[in-house]
Amino acid sequence: MNARQPCDDFRLLSSNPLVRLDGGDANLSFKVGKRHLNGAGTLHGGVLASVFDSALGECVYRQAQHSGRPAALVVTTQLDIHYCAPAHVGERVALAVEVLRLGGRLAVATARASVAERLVGTATGSFYLTR
């Protein structure tokens, strides 16, 4: 991406390393790069928040599509994050996502991010499903 050109894709602008989920699996991962770091040299909390939001929303969207209640769009209404430990350059952060509730218009999902056995963070999100 050229710094002088406007970017219309938030995932590129924000350095969100999660661009898509492969298959129907709710388990995914990304490798922490230098562009994902904060001033302390660890994974920036905003990057992890963006990854959580994208992963949770995508899983809710996919489950809605497969449940016979397809959503045109999934909009985050609340996102709660608990940061537990740092992640460093070169480490692979794995996320496990679970949709807890899929209603007619609202859904709730949770995710855990970890590096090997070290818990990096957890998130729970609520989502509005447009029809």
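Start by selecting Arg62 and Glu58: their side chains meet in a salt bridge, 2.9 Å from N to O. That term means a side-chain nitrogen of Lys or Arg within 4 Å of a carboxyl oxygen of Asp or Glu. You're looking at a predicted model, where local features need pLDDT of at least 70, side-chain atom pairs count only at pLDDT 80 or more, and totals for chains, interfaces and linings use all residues. Residues are numbered from 1 along each chain as its sequence is written, and side-chain values use heavy atoms, with hydrogens and water left out.

Arg62 and Glu58 sit four residues apart in H2, so about one helical turn separates them. Arg62 is partly exposed at 22% relative accessibility, and Glu58 is too, at 30%. (Buried is under 20% relative accessible area, exposed over 50%, partly exposed in between, with a 1.4 Å probe and protein chains only.)

Next, pick Glu91 and Arg118, whose side chains form a salt bridge at 2.7 Å, N to O. This pair links distant parts of the chain, 27 residues apart: Glu91 is in the loop between strand E2 (73-83) and E3, Arg118 in strand E5.

Finally, head for the largest nonpolar core, which has 30 residues. Such a core is a set of buried Ala, Val, Leu, Ile, Met, Phe, Trp, Tyr and Cys residues joined through side-chain atoms within 4.5 Å. Leu43, Val60, Val93, Leu95 and Leu129 have the most contacts inside it. H2 gives the most to this core, with nine residues.

Definitions and conventions
Helices (H or I, at least four residues) and strands (E, at least two) are DSSP runs, numbered from the N terminus.
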